[in-house]
Amino acid sequence: MTSLWIAFAVLLLPAIWLLILPLRQARALHDAQRDYEANDTTAEQNVAIYKRRLASLEAAKERGDIDEERFAEDRLELERSLLEDTTTVKRRPLKTYTSGRFVVPLVLLVVVGASVVWYQFHGAEGDLVLLQTQREVQNDPEGSLAMYLDRLEEQAVLQPDNPNVWSELFPLYRQTGQAEKAVDALERLIAIEGRDAPLLAQLAQLRFFMEGRELTPEVQGLVDETLEQDPRQPTVLGLLGIHAFDAGEYETAIDRWRRAMANIEDPDTADSLREGIRVAQQRLGVDPDEAPIGQPMDEAQGRGIRVDVSLDEALTDRVSPQATVFVTARDLAGEMPPLAIAQAQVSDLPATFVLDASNAMSPEASLDEVNEARLMVRVSPSGQATPQPGDLFGTLDNVSVGPVNDTEAVNVLIDSVFE
């Protein structure tokens, strides 16, 4: 941090110079103003002009050009004008050039002090300390995870209200198997940042595993609070899938894991969920290669869309088998959020997807709300949920939405590339 404050001091030097510069020029300016006022003949010039104009008025009166009443009015106007001119040029006495000099250093101290105080409350000094700590441990030949944890714990004492300290400590505690400390760090982070769905979901997951993968009342309360904020929160859906799998409810587990996959961008996590789905399908005696993607195993009973997705052979070499496939249904006007999303891998293609209300991103926007939809199937090598240049895609408009069990599958071929 010493280098930071040195940098601040260096930046203050030009500002200090700009404040002091007028003081260095004060005497010269004072002398110039005094000389100007001493040699100013404005008043004499105004009086001379008054006399000339008054003489002209008197001459006009003697010639009979104006009468006595007009002469009196014009003379009064001249006297009023002279009075205004002489009043305007009347100046206050000059003060000495040292007068008020103390104000400049006072302003300087106030500006510097206020800047330092503001930075203490609103600056990122604490975050810079964290970054410096991380670099010191990385550059230390004897640096280790334990050393980094010790340094972070020191910062937690010094910066108890810095959320970045606890967001660094929480995953490290979890990684090193210190579950109680991880929970404490996460609860401190929630107390600072607020009860946001992602943080609550991680807390629910931690406590779920600490309780032996049981939905205790405390864990259930966290799950309910999270789903109330975000019904498609993937961490909680994954947790509920594990609980259902442990209870032998494989169809429910598959449903929840598939819904979680639709909202996960991390390819490693998606692979783990996909593997869990395949194991659950095997427990049910279903061939994973033949199982429809995007619905519970007992099949949806509501309205939806069946879609057969395949990849153009000409584009096979452009993506890896592990690339993510997003199948999205939208309203034709494009005014609503995605009505349904399913996710798989290129290695799963060709495959049949079933989209229904269980794939909705929110209860207010699902396939139950429309009679026709637009399908887009996109292959993302990066796994990003938003389209990127180089992604492959295929679309199909005006797809009818009807009873899932009685609806024939439509075909979508992935045959185009995002530019």
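Leaving aside neighbours within four places in sequence, G304 is in contact with L355, D356, L367, S400, V401, G402, V404 and T407. The model is a predicted one. G304 belongs to strand 1, which covers residues 303-311. The relative accessible area of G304 is 0%, and G304 is therefore classed as buried, the cut-off being under 20%. A further pairing of G304 is with N371, 67 residues apart from it along the chain; the C-alpha atoms of G304 and N371 are separated by 9.5 Å.

The helical part of the analysis concerns helices 12 and 13 first. Helix 12 comprises residues 234-246 and helix 13 comprises residues 250-261. Their axes come within 8 Å and cross at roughly 165°. Since angles over 145 degrees count as roughly antiparallel, helix 12 and helix 13 are therefore roughly antiparallel to each other. The crossing in which helix 12 passes helix 13 is left-handed. On the helix 12 side, the contact is formed by P234, L237, G238, L240, G241, I242, A244 and F245. These residues meet Y250, T252, A253, R256, W257, R259 and A260 of helix 13. Classified by residue type, the contact of helix 12 with helix 13 has ten nonpolar, three polar and two charged residues.

I242, a residue of helix 12, takes part in this contact with helix 13. Not counting residues up to four places away in sequence, I242 touches F208, F209, R213 and W257. The C-alpha atoms of I242 and G276 are separated by 8.7 Å, with the two residues 34 apart along the chain.

Helix 10 spans residues 197-210 and has 14 residues. The distance from its first C-alpha to its last is 20 Å, close to the 20 Å expected at 1.5 Å a residue. The buried residues of helix 10 are A197, L199, L200, A201, L203, A204, L206, R207 and F208. F208, listed among these buried residues, is also one of the residues touched by I242. The buried residues of helix 10 pack against helix 8 (163-175), helix 9 (179-193), helix 11 (217-229) and helix 12. Helix 10 is followed by G212, for which phi is positive, near 70°.

Notes:
Residues are numbered from 1 along each chain as its sequence is written. This is a predicted model: local features need pLDDT of at least 70, side-chain atom pairs count only at pLDDT 80 or more; totals for chains, interfaces and linings use all residues. Side-chain values use heavy atoms; hydrogens and water are left out. Axes are lines fitted to C-alpha atoms, for helices over the stretch in contact, and angles run from 0 to 180 degrees between N-to-C directions. Helices (H or I, at least four residues) and strands (E, at least two) are DSSP runs, numbered from the N terminus. Angles under 35 degrees count as roughly parallel, over 145 as roughly antiparallel, 65 to 115 as roughly perpendicular and the rest as oblique. A crossing is left-handed if the near helix is turned anticlockwise from the far one by less than a right angle, and right-handed if clockwise. Contact means heavy atoms within 4.5 Å. Ala, Val, Leu, Ile, Met, Phe, Trp, Tyr, Cys and Pro count as nonpolar, Asp, Glu, Lys and Arg as charged, and the others, Gly among them, as polar. The expected span of a helix is 1.5 Å times one less than its number of residues. Buried means under 20% relative accessible area, exposed over 50%, partly exposed in between (1.4 Å probe, protein chains only).
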